[in-house]
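Biologist: I would like to learn how to read a few features of a model. Please take me through them.

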Amino acid sequence: MKGRYSKGSFLNLLLKKSIIPVLVAIMAHCLIYGAFVKYKMPFFHSNDSLLYLELKNELNQIDMSTGFDTDRINNLFKLYYPNGWDYGHTGLEKTALIIDCDTKEILVSNDFTLPENELLREYKSNSESYLNRINQIERICDPAFGNLEEKSIIGYNNYNLSDVFYIGGRGVRLMTVMRVRFYSYFLKYFLPVDIVLVVCAIAAAFVLAFQKNTKNIQDDYRRSIINSLSHDLKTPLTIISGSAESLKENVNPEKREFYENAIIENVRYTESIINDAFELSRTEKGVLKPVFEKNEISEIIREVCKKYEYLLSEKGISINISGTAVLKCDRRLFSQMLENIISNAVKYSDQSGTVDISLNRNCITVSNTFSGRIDTDIKKLTEPFTRGTEERSGRNGSGLGLAIAKNIADIHRYKICIDVKDKRFLVKIDF
């Protein structure tokens with residue numbers, strides 16, 4: 001049902017409902033990032049410092065007087081990369097090297113094969129930057145135990161520089177460097193989390209917007225029903241009130257019968273509208289609990305047609321039933337749906353016309369001769385209080401029959417299609 005709530009209004013709702021989920025996603029991102037900076041970074045730093053001390057102790061145990069055994073010292077550097085420590089994290093890089101105290105020359109480094117050891121390659125390829133870094137550490141740090149941390153929004157560097165010890169009479173220092181590349185770490189670990197947060201925020205916004213939009217449409221639908229019901233009840237109630245006032249004035253006996261009949265007729269019409277509105281509400285709310293059993297549909301159709309034998313005879317209408325079908329359905333509800341459709345066909349069929357009902361395993365088709373016109377969009381005829389023409393807005397019906405039939409079809413997960421073709425009004429129920 002088209003109301004005030006269109007595609008544009010849904011997009012507006014989506015934008016409004018996305019504010020809170022997006023803010024929650026941003027807060028979650030900030031909390032995760034803050035936890036990383038507060039807990040993970042100190043964890044990296046602590047592990048690196050412990051490994052540095054372990055490597056330094058191992059180097060101090062070497063007989064320094066024998067000279068420089070590069071292979072032996074190089075193997076000791078592997079202590080800086082034990083399994084189970086920090087190495088292996090994307091964005092986390094380390095290097096360990098021994099430098100000459102005077103020339104700042106790299107005497108030995110962890111140049112054994114290690115994956116992604118870009119840090120050492122950078123130091124070897126850019127000697128000027130390397131020397132500046134060493135000089136900076138020596139100026140700032142305690143000579144006995146040097147440590148320098150550099151933090152920025154895109155990276156974090158931690159340097160450990162040992163005191164001077166001698167190998168074969170040569171003064172050297174041990175230096176370890178740990179670097180965290182935030183952008184690499186972000187791409188590997190934070191980006192998937194952020195994608196999940198964004199998807200969850202969008203999904204939550206869609207759910208909230210859909211729920212609100214559905215509620216708006218339902219409210220709009222209820223208002224439309226109430227307005228239509230009020231409009232349809234106003235006329236008969238006015239007639240009843242006017243007739244009652246006329247009777248109260250002691251009109252002559254000839255007019256008394258006229259007013260009495262008018263009251264009775266309009267009371268019955270009002271009652272039919274109220275009953276149909278109640279039935280429509282009952283089928284819409286989903287409070288019905290249908291009992292699905294196998295039923296011979298042709299039997300149900302014949303039972304319904306018997307109710308209209310008098311009207312068929314009065315209008316000279318012939319009814320033809322062909323085919324057979326066995327369906328699993330709620331017999332009472334299905335019978336009510338067919339009664340609404342067939343009664344609609346009988347009431348609005350041309351004088352001396354025909355009503356044809358055909359069944360097969362896929363559908364039921366009810367058609368009747370119809371030489372009138374349809375002023376309303378045919379697709380809207382299943383909406384409550386919608387009538388095809390002014391001619392059909394009299395006392396023949398409440399305009400709820402096809403709407404109730406559609407609701408019952410929806411309960412059974414069937415589809416109702418309406419068409420006017422070759423001067424015949426067709427209602428098709430697809431299984």
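Biologist: Where is Asp 422 found?

Modeller: Asp 422 is in the loop between strand S12 (415-421) and strand S13 (424-430); strands (E, at least two residues) and helices (H or I, at least four) are DSSP runs, numbered from the N terminus. The model is predicted, so local features need pLDDT of at least 70 and side-chain atom pairs 80 or more, while totals for chains, interfaces and linings use all residues. Residues are numbered from 1 along each chain as its sequence is written, and side-chain values use heavy atoms, without hydrogens and water.

Biologist: What is phi of Asp 422?

Modeller: Most residues other than glycine have a negative phi. Phi of Asp 422 is near 55°, a positive value. Lys 423, in the loop between S12 and S13, also is not a glycine and has a positive phi of about 55°.

Biologist: Is Asp 422 buried or exposed?

Modeller: Asp 422 is exposed, at 70% relative accessible area, and Lys 423 is exposed at 63%. Exposed means over 50%, buried under 20%, and partly exposed in between (1.4 Å probe, protein chains only).

Biologist: At what angle do helix H8 and helix H10 pack?

Modeller: Two packed helices are described by the angle and the distance between their axes. H8 (residues 297-306) and H10 (residues 331-348) pack at about 55°, with axes 10 Å apart. Axes are lines fitted to C-alpha atoms, for helices over the stretch in contact, and angles run from 0 to 180 degrees between N-to-C directions. H8 is therefore oblique to H10: under 35 degrees is roughly parallel, over 145 roughly antiparallel, 65 to 115 roughly perpendicular, and the rest oblique.
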